[in-house]
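Dear colleague,

Please read the notes with the model open beside you.

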Amino acid sequence: MSLMGQMMHKPLLISSLLEHAERHNGDIEIVSKRVEGDIHRANWKSIALRSRKLAQALARLGLQAGDCVGTLAWNGYRHIEIYYGVSGSQLVCHTINPRLFPQQVAWIIEDAQDKVIFVDSNIFPLIEKLAPMLACVKHVVVMAARENMPRESALTNLLCYEELLDAEDGQYQWPEFDENTAASICYTSGTTGNPKGAVYAHRSTVLHAFAAALPDAMCLKATDTVLPVVPMFHVNAWGIPYAAALVGCKLVMPGPHMDGASLYNLFEQEKVTMSAGVPTIWLGLLNHVKANDLKFSTFKTTIIGGSACPPAMIRTFENDYGIEVIHAWGMTELSPIGTLGRLKSKHADWSTEDKQKLLEKQGKSIFGIDMRIVDTEGQVLPWDGKSPGDLEVRGHWVISSYFKVDKSPLHDGWFPTGDVATIDPDGYMQITDRSKDVIKSGGEWIGSIDLENVLMGHPAVHEVAAIACAHPKWDERPLMVVVKKPGAEVSVAELLAFYEGKIPKWQTPDDVVFVDELPHTATGKIYKLKLREDFKNHKLPTA
Ligand code: AMP
């Protein structure tokens, strides 16, 4: 018989992260720009006390272990209290993206059977309309003090967040339970069909927090001041609210104020050292600092993921502002972190240019995530950095099934991500496309990300999407949909000529169209399905 380890066993519960933050880093600040526009200052100690009060309030409302609690809220201290108060008391925190269509919001609330919905006051009109139709919703709690509650509302089940907390004393002991219990649910944005729920466990969330904080992941430290631009309704803000409690760093929460000017002021006032978000949000910030000739005084590192980060954006951050960009890849089904662009010691004497090229990729796996690429028959492909295949992953924080869906999503024990990627001999993964967006030209695949990255390097281009356009000979050929920078002038021929020498000639797009703006999904990705629909009758000059 094997000798068993003789160590204490504590289940990996989310409440333990908060207990640690309270006891060991209680005075570290959580600063929030509120919906009302003012700045609110809290710390891990006050957040912990109020989270316990919230747990008491939820019990008083009659919620029971396993019940789901929805949130429609921006990044702020009350949302953090809900994360911990809900999951810590064995309820399930269901973050909902307020940018989804109202029908989708209603659909996922019903699917999760949310009993209570917490809502920021400026999102309240959305739930005010939906709640009367949602039988499962017993209470709507507006995340505000009494004086900021909606003046008039037909809702009869409306509660005030601060009043709920004021009625409790915070004398509450976090319960201990199985670490595999559900802690939170996040639905995929689902551009086709209904959204699907990923149900995270306490164990997977705590392990993800450990891994996310590691030096070769986000490298979160107690000396950091972190401003997550990525919303708390987008895969738990990439786990930052948990990892921050684990390392005891200061958090700065922007609320709904995500325009370039508001973000810049917050970065400067609160001495933010690091941040994380999708590429589109950085376009706004970079435009603002450029237009006003500003510099950052403390901002050192940003994690960019959620869609491919154009190399031109990495260069601008690094060369113009001295900010290191870490390119990361993940997805809702992965809690979300899978890979990050970090160097190995063997790269120390590589040229700057070669290092930059390597770090433009989506990066290498962190411990806890394994990956492979397979061909259309499911055969495993080599790691040669050239053969693109369907990317599959497995690990401690990858879903094994979707909420309430019987059919397993797994292929041979691996989760098929729907992304197409190459992996090089050193394990660096590069996404070439979403499999649905790949441009299939005469039996060959053209990845849209490469085509987009080239034009993002052109000074006149603000944003760009490559889409497949029907072609009588080649089936599909690339069409570039471009938004010009304000005031910039450029022709189709100039943009097509810009590809010369940068990609294989046969991949050069067949045409460019200019639009005023690109459609985005609720999580800030370019909505390619809509673009393909919009340009389905576009006639290519080569056709
Ligand atoms: P979501 O579940 O909304 O977070 O979306 C996950 C998807 O976003 C992935 O499957 C990828 O298609 C895409 N994605 C995330 N990060 C990156 C990245 N760094 N580069 C390219 N695509 C990305």
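**Cavities in the model**

The second largest cavity is lined by Tyr 200, Ser 204, Thr 205, His 208, Asn 236, Gly 239, Tyr 242 and Ser 335, where a cavity is a set of points, on a 1 Å grid over the protein atoms alone, at which a 1.4 Å probe fits but cannot get out, and lining residues have an atom within 4 Å of a point. This is a predicted model, in which local features need pLDDT of at least 70, side-chain atom pairs count only at pLDDT 80 or more, and totals for chains, interfaces and linings use all residues. Residues are numbered from 1 along each chain as its sequence is written, and side-chain values use heavy atoms, with hydrogens and water left out.

The second largest cavity has a volume of about 50 Å³, a volume being the space filled by probe spheres set on the points, which are joined across faces, edges and corners. Helix H7 (residues 202-213) gives the most to its lining, with three residues; helices (H or I, at least four residues) and strands (E, at least two) are DSSP runs, numbered from the N terminus.

The structure holds two cavities of 30 Å³ or more, and the largest cavity has a volume of about 120 Å³. Of the 14 residues that line the largest cavity, Arg 34, Val 35, Gly 76, Arg 78 and Asp 120 are the closest to its centre. Strand S1 (29-33) and helix H3 (77-88) are the elements that give two or more residues to this lining, and H3 gives the most, with three residues.

With best wishes

Methods. On a 1 Å grid over the protein atoms alone, a cavity is a set of points where a 1.4 Å probe fits but cannot get out, and a pocket is an open set with protein on both sides within 12 Å along at least five of seven lines; lining residues have an atom within 4 Å of a point.
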